[in-house]
Amino acid sequence: MLSQRVANIVFSVLLLAACGYFIDAAIGFDDLSLPGSTQLSSKFFPITILLFIAGCSGIVLVQYILDKGDGLRSDETVFLSKMSALHGLLTFAVIVGCYLIWRNYGFVPAALVLGPAAALAMGVRKPAIYVALVVISMIFYFAFTRLLAVQL
Amino acid sequence: MTFFKTLMAAAVGSLVTFTTAAVAQDDYPNKPITLVVSFPAGGNADIIARLNAEGLSRELGVPVNVINVPGGGMIPAVMNVLEKPADGYTLFRWTTPSVVIGPLVRKAPYDPMADMTPLFADETVANALYVSADSEIETFEQFFEVAKTKKMKMGVNNIGAPPHLSAVQLGQEFDLEFNNLVMKTVPASLLGLVGGQVEVAVGQVGSFKTMGDEIRPLVILDNDRKDFYERDLPGVPTVGEVFPGKNAATWIKGGIAVKAGTPQAVIDKLVAASEAAFTTDEFIAQVNNLTAYSWVIGVEDTTATIQEGIDLYKPFLDQLGLLAK
Amino acid sequence: MFGGSEAILAALASLGDPTTIMLMVGGITLGIIIGILPGLGPPIAITIALPFTFYMDAVPSIILLLSIYSAAVYGGSISAIAVGIPGTGAAIATVIDGHAMFKKGRGGEALGLSLTGSIIGGIFSVICLAFIAPLLAQIAIKFGPREFLAISIFGLVVVVRVAGENLWKGLAIGGAGIFLTTWGLDEVNGTERYTFGSYHLYEGIPFVAFLVGVFALSEVMMNAETALRKVDFDKSSLSVKLPGLKTLAKLKGTIMRSSLLGTVIGIIPGEGAAVGAFFAYSEAKRRSKNPEAFGTGEPEGVIAPETANNATVGGALVPTLTLGVPGSPAAAVLLGAFLIQGLAPGPRLFAERPDLMYSIFIGLLIINVLMIFIGLIAIRFAAQLIKVPTSVIVPSVVLLCFVGVFSVSNSLFSVGVMIASGFLGYTIRKLGYSIAPLSIGFVLGPILELSLRQSVQISDGSLLEFFASPIALGIYGVLALTILWGPIRARVKKPMEGVDDA
């Protein structure tokens with residue numbers, strides 16, 4: 001299983017890379033401020049914050065590499081078990097999938113798919129729950145469109 | 001209890017539409033309408049839109065929901081409307097920044113005159129120059145003397161918004177330089193005067209009502225006098241009256257538009273409903289509580305009015321080098 | 001005060017009207033429901049009811065909106081505690097300990113604490129509003145860029161306090177929260193920053209979508225991992241109990257400080273209930289004898305933010321009523337309602353319509369009392385939620401988040417942002433980061449940048465000018481004290497303890 005130490009080292013490296021990317025992007029901002037006025041340019045603040053983030057995640061990276069620091073929990077794993085990782089990530093996939101259904105086919109099909117698909121992703125076996133989820137989706141749909149007049 | 005009468009009317013109205021909708025699907029409108037506003041909830045622009053929504057809902061018999069899509073140079077709000085079909089179920093509350101200034105100063109992904117069909121204009125706003133009530137500056141002439149000697153801290157709401165452009169115009173016409181501070185809203189700019197964060201600020205003519213005792217109007221930032229100036233700021237001159245020949249013209253209006261390509265029958269229905277709802281004494285009084293009422297109805301007349309605005313701001317923005325290339 | 005007994009009688013008469021009472025009950029119910037729903041907060045709750053007030057008299061319409069406002073600020077805590085999802089931004093801080101209590105089987109207690117805290121905070125702020133509003137407004141006026149900068153820097157210290165187990169991780173992710181607020185058009189000069197050529201990003205990352213994603217969706221995925229496991233709970237957690245006098249006496253220091261903090265933060269124009277709640281939470285943690293217990297279900301961690309966020313309601317009304325400048329986004333909508341009635345809030349309103357002012361003060365007190373009863377009914381239901389299987393809650397909450405975020409601006413793009421932020425929130429939680437600093441950074445970022453840049457502009461580049469404001473100096477002073485107090489006390493105590501030991 002993925003350990004906190006490895007995962008955090010990867011994440012810190014990603015964070016550092018992202019900081020580099022965004023600093024590079026910030027340097028290219030067109031500055032529209034009028035000349036002659038005492039103003040901080042548009043890039044100043046984002047670059048400062050990015051340097052700060054990079055500094056902090058650099059320290060985190062070093063802490064994990066040396067395995068020395070507060071609350072690192074290096075030996076723990078990121079997920080409890082393979083099954084729990086699967087349930088969590090599959091649920092996310094269902095959320096993304098339903099969003100795409102909503103984009104392309106409208107809200108009602110997305111809402112009807114969401115409940116049962118998510119239950120499947122979580123490994124639910126009881127049929128009653130599938131039925132309950134479809135009913136709940138319909139109740140929400142009517143409550144929002146009729147009572148709060150949201151146009152879905 | 002007029003409130004309950006309205007509520008009952010709305011209830012009956014929606015019942016009627018639900019039943020008729022089943023019979024005649026193509027009979028506009030048969031479902032709720034959305035009105036997109038490019039300002040956050042609560043400001044004058046938003047409140048007028050809500051009055052519009054309420055009036056249209058009464059005339060058309062379907063709910064009209066207001067959606068706030070503020071900020072981002074008003075572009076997200078406009079695009080929110082243009083992404084939807086041109087069926088008259090999404091309306092847009094247009095104002096000067098979204099149909100005139102925005103597309104001029106920025107590479108906007110839309111052309112207001114080609115992509116939108118304006119139905120009417122119902123409000124007009126004018127800017128005024130204010131200082132704190134305990135300021136030594138009492139007249140526009142005195143302000144002029146002080147502003148020549150130093151770069152005054154000028155409070156404006158947002159970059160590119162009409163108050164900011166008025167300040168820029170003032171600086172250009174009188175050869176003054178200001179240190180413009182973005183205060184985000186007009187009340188915040190004026191509060192900045194009272195708190196001493198800015199020395200002078202551009203607010204609206206109607207702002208004086210709420211902040212009366214704390215601030216002092218110096219001049220109305222316009223050339224010619226309009227009828228509501230005397231009501232809102234009695235005795236305050238316009239720039240044109242104090243210094244004839246100097247230009248301080250503004251064009252700040254608002255109304256409702258639909259996406260271009262909306263069927264003529266739908267437009268006719270909306271125009272008729274607007275005429276019925278927004279020429280009532282009640283509506284006029286409510287708008288006058290907020291800003292000033294100025295009525296133009298019909299696609300052609302409203303389009304011509306907006307063109308006036310573009311013609312006014314285009315050369316001025318060009319001079320400043322702010323026109324989008 | 002103004003007007004005298006005649007005005008008070010007139011106010012009581014209009015408040016005693018059965019229609020007005022009905023409006024209060026209806027408004028509180030609507031407010032609580034909207035508050036509970038993720039994504040929909042107080043400003044939306046008020047705007048839903050706004051059109052109804054166009055044809056009502058001034059007193060009933062303002063009372064209706066105030067009921068909704070107070071109740072919506074409170075309602076957010078119910079879902080925060082029972083599901084771990086803040087119904088409103090104001091309830092973000094409540095999630096940390098409130099949901100931890102709920103999971104430990106102390107849900108009924110946590111819900112009772114949040115209700116009681118909300119009522120006390122609400123009443124405290126109304127009393128401040130009624131008696132010292134004009135005085136308080138004078139402080140609010142003085143808040144300019146330098147003072148906002150000081151407050152934002154104070155807020156950054158809060159980031160440190162909720163950083164979690166590892167300070168550097170907390171700081172990095174807090175910084176990320178601030179950084180994400182720089183996206184969109186730069187409001188100082190109109191420069192495009194990180195818009196990636198999409199007009200959707202011109203206004204930056206949508207606030208509600210981001211926060212709902214980070215909190216609600218990440219929580220949903222955490223729950224999905226173990227959805228099949230049976231939740232063990234005590235029968236006692238199902239019964240809601242309001243804290244007794246003994247408990248309240250023990251918490252009175254926290255309650256008083258939080259009420260005060262909430263009221264003050266509410267008064268500052270632009271600072272909302274979320275900031276007030278976070279400041280109160282961090283203050284309660286700093287003052288606590290066992291700060292390390294915070295985050296694991298401390299009653300103080302529930303009552304502090306909940307007291308403070310409802311105290312911001314009365315606070316936000318101070319500048320709204322006395323200056324005509326809204327103290328919060330919800331108060332901005334309220335201001336609009338006044339203008340529609342032809343009433344211009346400002347110093348003159350107190351003199352011209354004393355009956356209306358009394359109606360507001362007394363009305364708010366009645367609203368808070370009614371909220372106890374309606375709130376109790378609501379939390380009885382909420383406490384039962386623990387009986388609902390996680391596998392049912394997860395998809396239902398996702399659907400609520402979808403609809404809630406979509407309805408803010410009818411935008412599917414916002415829903416996409418919510419999902420992306422949800423994945424970000426889930427990832428960092430899995431890696432042992434706390435999401436509280438991320439959200440505070442996101443709330444404080446815009447004020448921090450704008451006030452910093454304006455301060456530079458005002459001071460013409462001189463660093464000394466930053467401190468040329470007594471209020472800002474005062475805030476920095478308090479800040480220095482809160483940071484140094486711990487070490488100082490430790491140093492003073494240590495030798496003494498040494499003596500004791502010997």
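Modeller: B:Glu145 and B:Lys148 stand 3 residues apart in helix α6 (residues 140-149) of chain B, so about one helical turn separates them. Helices here are DSSP runs of H or I with at least four residues, strands are runs of E with at least two, and both are numbered from the N terminus. The two side chains form a salt bridge, with 3.8 Å between the closest N and O atoms; the term requires a side-chain nitrogen of Lys or Arg within 4 Å of a carboxyl oxygen of Asp or Glu. The model is a predicted one, in which local features need pLDDT of at least 70, side-chain atom pairs count only at pLDDT 80 or more, and totals for chains, interfaces and linings use all residues, while side-chain values rest on heavy atoms, without hydrogens and water. Residues are numbered from 1 along each chain as its sequence is written, and chains are lettered from A and ligands numbered from 1 in the order in which they are written.

B:Glu145 is partly exposed, at 47% relative accessibility. On this scale, buried means under 20% relative accessible area, exposed means over 50%, and partly exposed lies in between, with a 1.4 Å probe and protein chains only.

A further salt bridge joins B:Glu199 and B:Lys150, at 2.5 Å from N to O. B:Lys150 belongs to the loop between α6 and β6 (152-156) of chain B, and B:Glu199 to the loop between α8 (186-195) and β8 (200-204) of chain B, so this pair ties together parts 49 residues apart in sequence. Both partners are partly exposed: B:Glu199 has 25% relative accessibility, and B:Lys150 has 40%.

Another pair in chain B is B:Lys269 with B:Asp27, whose closest N and O atoms are 3.3 Å apart. Here helix α12 (residues 264-278) of chain B supplies B:Lys269 and the loop between α1 (2-23) and β1 (33-37) of chain B supplies B:Asp27, so the link ties together parts 242 residues apart in sequence. B:Lys269 is partly exposed at 35%, as is B:Asp27 at 41%. Over all chains the count of salt bridges comes to 24.

B:Phe178 lies in strand β7 (residues 178-182) of chain B and is buried at 12% relative accessibility. Leaving out residues up to four places away in sequence, B:Phe178 touches B:Phe143, B:Ala147, B:Lys151, B:Met152, B:Met154, B:Ala167, B:Leu170 and B:Gly171, where contact means heavy atoms within 4.5 Å. By contrast, the C-alpha atoms of B:Phe178 and B:Asp46, 132 residues apart along the chain, are separated by 30 Å.

At the level of the chain, the domain assignment gives domain 1 (2-125 + 252-320) and domain 2 (127-242) of chain B, with bounds taken from an automatic or database assignment. The C-alpha centres of these two domains of chain B lie 29 Å apart. Their contact involves 17 residues of domain 1 of chain B and 12 residues of domain 2 of chain B. In chain A, the assignment gives domain 1 (4-66) and domain 2 (82-147), and 37 Å separate the C-alpha centres of domain 1 of chain A and domain 2 of chain A.

Helix packing in chain A can be described too. The axes of helix α3 (residues 82-105) of chain A and helix α4 (residues 107-121) of chain A come within 8 Å and cross at roughly 170 degrees; axes are lines fitted to C-alpha atoms over the stretch in contact, and angles run from 0 to 180 degrees between N-to-C directions. α3(A) and α4(A) are therefore roughly antiparallel, the classes being roughly parallel under 35 degrees, roughly antiparallel over 145, roughly perpendicular from 65 to 115, and oblique for the rest. Among the residues making the contact are A:Leu90, A:Val94 and A:Trp102 of α3(A), together with A:Val113, A:Leu114 and A:Ala117 of α4(A). By class, the contact of α3(A) with α4(A) has 14 nonpolar, 2 polar and no charged residues; Ala, Val, Leu, Ile, Met, Phe, Trp, Tyr, Cys and Pro count as nonpolar, Asp, Glu, Lys and Arg as charged, and the others, Gly among them, as polar.
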